[in-house]
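Dear colleague,

Please find below the sequence and the structure for your files. My notes on the charged side chains follow.

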Amino acid sequence: MGAWGWFAMSLTALVVWGLIVVAAVLVVRAFQREGASRGAAPAPPAGPTAPAAGAETLLAQRYARGEIDDEEYARRLSVLRGRAAESGPR
């Protein structure tokens, strides 16, 4: 077998393994999508507390990343919870 034979054999092996990997990824994605559509993912809490809880989580994440300081965090948290801001007008 010449050099072209080895090249063709190597290329064929790579293509076959690539197809196997792609098929495995597609199967995993299909099962994940099917599980999510059946309601496997937890539903967000219902009622008026759901948006506030999400906003408080986002605010806490911004504070943790250092995007806002202590005073701004406390002010915005008090606004979210329905209390008047302690540090003057906005």
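The structure contains four salt bridges, a salt bridge being a side-chain nitrogen of Lys or Arg within 4 Å of a carboxyl oxygen of Asp or Glu. This is a predicted model, in which local features need pLDDT of at least 70 and side-chain atom pairs count only at pLDDT 80 or more, while totals for chains, interfaces and linings use all residues. Residues are numbered from 1 along each chain as its sequence is written, and side-chain values use heavy atoms, with hydrogens and water left out.

One of the salt bridges pairs Glu56 with Arg81, with 3.2 Å between the closest N and O atoms. This pair links distant parts of the chain, 25 residues apart: Glu56 lies in helix α2 (residues 49–65), and Arg81 in the segment after α3 (70–80). Helices (H or I, at least four residues) are DSSP runs, numbered from the N terminus. Glu56 is partly exposed at 23% relative accessible area, and Arg81 is partly exposed at 45%; the term covers values between buried (under 20%) and exposed (over 50%), using a 1.4 Å probe and protein chains only.

Within helix α3, Arg76 and Glu72 are four residues apart and so separated by about one helical turn. Their side chains form a salt bridge with an N to O distance of 2.6 Å. Arg76 is partly exposed, at 30%, as is Glu72, at 23%. Elsewhere, salt bridges with shared partners join Arg62, Arg65 and Glu67 into one network. In the bridge between Glu67 and Arg65, the N to O distance is 2.9 Å, and Glu67 is partly exposed at 45%.

With kind regards

Conventions. Helix = DSSP H or I, 4+ residues; strand = E, 2+ residues; numbered from the N terminus.
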